[in-house]
Amino acid sequence: MGIRKNQSSLTPAEKSAFVAAVKALKGSGIYDVLVAQHRAAFLAGPNDPAHGGPAFLPWHREYLRRFERALQEIDASVSLPYWDWTIDRTPTASIWDSDFMGGNGTGPSQQVATGPFAYSTGEWTLTVLDPGNTTAFLTRAFGAMGALPTQQAVNTAKSVVPYDSPPWNAGSNVNTSFRNRLEGVIHNPGHMWVGGSMMAMSSPNDPVFWLHHCNIDRLWAEWQTENPGRMYLPPSGTPGVVRGHGLDDPMPPWDVEATPPTPRSVLNHHTLDYSYDNEPTTTPESLALTIGAPPVSASIGRAGEVDIFTFEVSAPGNYVIETQGTTDVVMGLYGPDNSDSFITEDDDSGAGQNSRIARDLSSGTYYVRLRHYSSSSTGNYSISVSASAEQPAVPTIEVNGPAAAGVISVGNERDMFTFNAATSGTYTIETAGNTDCFISLYGPANPNTLIAQDDDSGPGANSRIVADLASGEYFVQVRHYGPSGTGPYNIAVKS
Amino acid sequence: MAEQRENYKGREIILRSGAEARGVARVSGEQGAIADEPELTIDGKQIFIVRNSAGAYIASGFAFDPQQSPVDLAKKIIDYEEAER
């Protein structure tokens, strides 16, 4: 399995091998075919299979892997490096040295005149250009159009769940769409900071494109690790989703192949035969918890660490998993007997900033994944599991009855309601009040099956979902639009 | 036909939509979804534009900073050209 390294840690020989393979690919004509694929995606406008939608990350994962495999056919030792611009963020960073990417553009034309990709080498003439552009040389204008993303901005992006949200495009709310936040707030500025050729539809003309996107792919992989079970959204067939962006949609332009890649096929990057140099080299060991035993001490010892615990439920019943201490941890519960089967997640339902999950559990093995709320922070905590008294009942909203009252009392709180659709038909779920709520509808019967989400389709900042539902039990999750927002609200269901 | 003219930092932005825009020769090549797009020029030079999935506009050489209107996009392009001088 190839290991993708931070470019700043490459040896001179590794840099030289990467550059040589890239230039050989350019010489073969394959490089420009890849550039044209990227340009064609943009030119599809609203039907772009690669940008401005859920498949932005899967499409580029597949695209980068194809590029990397092409390089490896030239030199099997080469892997894609990544450019961590939260650290290497100045024009004097080593990435821009003349033995690697070359420097900034100079002169009125902003031509890149140094390094292996300078036009003067005779080996880097741009042939795939944006419509109307005739510039055959690489151009850059560092910082002319904004700054590179900061670590804080990356941390904020990585804290966003779910993966994506309606309307499943470039207009998705960046507080409810990890993908759109990563794409619009983190990825786009990277292109803009480099400027010149990197701002174009044909941006892979600049080889730093691959290093930039490799870092974006790494951040997605980290988000996936920190949010196991947070599946790619949306499923194929979701109304309004552009072809290629559904979970099992073949992704253009590779949809003509016998076994075309889909977003689902690239979700686990390890199956694509690569890993990143900052990933744990072994599967994290889990620590067994005993129900009813005293709390077990643990710690998030390094930024981004995920601790895994297991416990065995032999008698079905209600159980409470909770943390103690002053560290702001986020806890996810998975199982039974499947560490990837997501049940629920909690941030601050316990005392202070502790996590607490109370749940009716059937027999089996359960998995608890704990991380710090901030992916850049560490701290000590303890954790325990106990058989509990009754689980707090999920309030029921009477269809066509009075509105139920709720309060988001702390940041990131998620309130759950249930309602019974007695007959098939159109149902309207709507909040009222001055709190900017965001609602998610799940079911039928399963509180983990997402149907729809909404932010502001109701009056003012209220949420409204109108859905055709079969008869059954449904669940509505209410949270504040902002991660730290609080306030009272009412919620009603009408048929 | 509709035409909108605006001066920005000494540069002339013209936006034409409707029949007038459609009558103008387009850049050849892969044109995707541009058939009904308005025509944007800066100082008489035509700027190739296309709408993204959310209806925002991007331009040739300016794909990663979508703007809600072609005129806003033209201003961004002018800002960039000014900044790189």
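Residues are numbered from 1 along each chain as its sequence is written, and chains are lettered from A and ligands numbered from 1 in the order in which they are written. Because the model is predicted, local features need pLDDT of at least 70 and side-chain atom pairs count only at pLDDT 80 or more, while totals for chains, interfaces and linings use all residues.

Me: Which residues is C214(A) in contact with, leaving aside its neighbours within four places in sequence?

Reply: Contact is a C-beta matter: two residues qualify if those atoms, placed from the backbone, lie within 7 Å. For C214(A), the partners are R4(A), L64(A), L80(A), P81(A) and Y82(A). C214(A) itself sits in helix α6 (residues 208–226) of chain A. Its C-alpha atom is 9.6 Å from that of K5(A), 209 residues away along the chain.

Me: What makes up the secondary structure of chain B?

Reply: Helices (H or I, at least four residues) and strands (E, at least two) are DSSP runs, numbered from the N terminus. Chain B has two helices and seven strands, in the order β-β-α-β-β-β-β-β-α.

Me: What makes β6(B) and β7(B) a pair?

Reply: Strands pair if DSSP finds at least two bridges between them. Two bridges join β6 (residues 57–59) of chain B to β7(B), and the strands run antiparallel. Y57(B), for instance, has Q67(B) as its bridge partner. Two residues lie between the strands of this hairpin, where G61(B) takes a positive phi near 75°.

Me: How many residues of β7(B) are buried?

Reply: Five of its six residues are, so by that C-beta count β7(B) is mostly covered. Across the 85 residues of chain B, 35% count as buried.

Me: Which elements of chain B touch chain A?

Reply: The contact takes 25 residues from chain B and 31 from chain A. On the chain B side, β5 (49–51), β7 (62–67) and α2 (70–83) each give two or more residues, and β7(B) has the largest share, with five.

Me: How are the residues on that side of chain B classed?

Reply: Ala, Val, Leu, Ile, Met, Phe, Trp, Tyr, Cys and Pro count as nonpolar, Asp, Glu, Lys and Arg as charged, and the others, Gly among them, as polar. That gives 13 nonpolar, eight polar and four charged residues.

Notes: Buried ≥ 20, exposed ≤ 12 C-beta atoms within 10 Å, placed from the backbone.
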